[in-house]
Amino acid sequence: MRILTFVLALLVALPAAAADRMTLLLDWYVNPDHGPIIIAKEKGFFADEGLDVEVVAPADPSAPPKLVAAGKADLAVSYQPQIHLQVAEGLPLKRVGTLIASPLNCLMVKDDGPVKTIADLKGRKVGYSVAGVEEAQMRAVLSRHGLTMDDIEMVNVNWSLAPSVMSGQVDAVIGAYRNVELHQMEIEGVKGRCFFIEEEGMPSYDELIYVANPELMDKAKIVRFLAATERATQYIVNHPEESFEIYAGTAPELNDELNKRSWADTIRRFALRPAALDHGRYARFEEFLKENGLIETIRPVSDLAIDVSVQ
């Protein structure tokens, strides 16, 4: 009995094993797209994997992949279209997991506006935020309807996508998120409508991914990170209302109508198997970028993305 008491006392006295620290840089301020990350942290799923994950919203949305490439953070949330371009530019990055497994980007118009079909864009203005990929996406969409980029006027509206449509500054915007801007417009009393780019000539892709520096990453820690976010995704699917309450409880600004509607609309977009890699999807998008002159050489998928769960 004395021996057992001594052993128990010794175990209590021993310090708990320290959790492995990780830094994750978001692509933007916290929003429903980040649901599995927030739930994994709040429900203790990261802790269960022996991880202490610091989640950081960036001051500059373009900075996270560059900071990860420079070894300043372990992971960043980024976009599949961007990693193709970043790797082509020489950044040491690879996709190591998926957060949102389908396109969110859409071509958005006012429901009662003059654009009823894509052919109606002839002679009209289309707003965009990010040059390059969004212009290539627009070119692909137009070509299916007998139009070219010369038939429209592209207008840089920065990140003011929904307001530029509602105000009539432009007739449509490319780059609006179907799970956010459509709800934003409706809440403000203007009904919008989306043309889904993956139904209009664009190859499908992963909207949001996790990227790491393959030369510096700790593969085992990333496997545990993805296991925690997979568990969180399953929790969200099984408990959508409760999970929203957890998410909204992390900051007052998240507990509003836009976040509530967007949350419900985003659940079906989360990657159920975040580590899994669709090689064909990355190969097809690489070909698309080459055809549109955004990259000079088609790289093998292994240069762009890996499945860290494969031994």
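1. Let's start with the aromatic rings: the structure holds 10 aromatic pairs. Rings of Phe, Tyr and Trp (its six-membered ring) pair if their centres lie within 6.5 Å; planes under 30 degrees apart are stacked, over 60 edge-to-face, and the rest tilted. One of the pairs joins Trp28 and Tyr29, which is tilted, with 5.3 Å centre to centre and 45° between the planes. Together with Trp159, Trp28 and Tyr29 form one aromatic cluster.

2. A word on where these numbers come from. This is a predicted model, in which local features need pLDDT of at least 70 and side-chain atom pairs count only at pLDDT 80 or more, while totals for chains, interfaces and linings use all residues. Residues are numbered from 1 along each chain as its sequence is written, and side-chain values use heavy atoms, leaving out hydrogens and water.

3. Across the chain, buried residues make up 48% of the 311 residues.

4. Now for the fold: you can look for 12 helices and 10 strands in the chain. These are DSSP runs, numbered from the N terminus (helices: H or I, at least four residues; strands: E, at least two).

5. Which contacts hold your attention next? Among those between residues at least 6 apart in sequence, 78% join residues at least 24 apart, where contact means heavy atoms within 4.5 Å.

Note on methods
Buried < 20%, exposed > 50% of the residue type's maximum accessible area, 1.4 Å probe, protein only.
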